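Hi everyone, thanks for coming. Let me put the structure up on the screen, and then we can walk through it together.

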Amino acid sequence: MYRSGSGLFWEYWAEKKDCGSCPLRQKCLNETDKAGARKLQDSYFKTVVQEHISRRWEPEYREALKQRQIWCEGTFAAQKWGHNLTRLLRRGLEAAEDHCLLSAAALNLKRMIKHSV
């Protein structure tokens, strides 16, 4: 498993001895490649993404998407704008999780106060 800023990946490495004798070595590897072997990355979420793409024209999926736009996206926008969640990725996973939970609690308290008055 390999985690980067762009996602979570399965990482596969070829054996250095296999790549050393391969006639296609020049096409696969650079001269500056220090590992000396081919590396492949496959997204951990590949099957879920493919399922998501295959369902995008189903009526139930379209309805769920409309509901998400109505109920969730506004909340996300309010949290990003009002609770400083725009720079969340720079804080680390644990701090980001704490910040999101506190932001959600604050948003819920604001809504409770608004509806109780």
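This is a predicted model: local features need pLDDT of at least 70, side-chain atom pairs count only at pLDDT 80 or more; totals for chains, interfaces and linings use all residues.

Residues are numbered from 1 along each chain as its sequence is written, and side-chain values use heavy atoms, with hydrogens and water left out.

So, how many salt bridges does the structure hold? There are 3 salt bridges, the term meaning a side-chain nitrogen of Lys or Arg within 4 Å of a carboxyl oxygen of Asp or Glu.

Let's start with Asp 42, which pairs with Lys 46; their closest N and O atoms are 3.6 Å apart. Asp 42 has a relative accessible area of 27%, which makes it partly exposed. That label covers whatever lies between buried (under 20% relative accessible area) and exposed (over 50%), using a 1.4 Å probe and protein chains only. Lys 46 is partly exposed too, at 38%.

Next, please find Arg 55. Its salt-bridge partner is Glu 58, with 3.4 Å between the closest N and O atoms. Arg 55 is partly exposed at 33% relative accessibility, and Glu 58 is partly exposed with 32%.

And which residue does Glu 73 meet in a salt bridge? That would be Arg 68, at 2.9 Å from N to O. Here Glu 73 counts as partly exposed at 33%, and Arg 68 is partly exposed at 41%.
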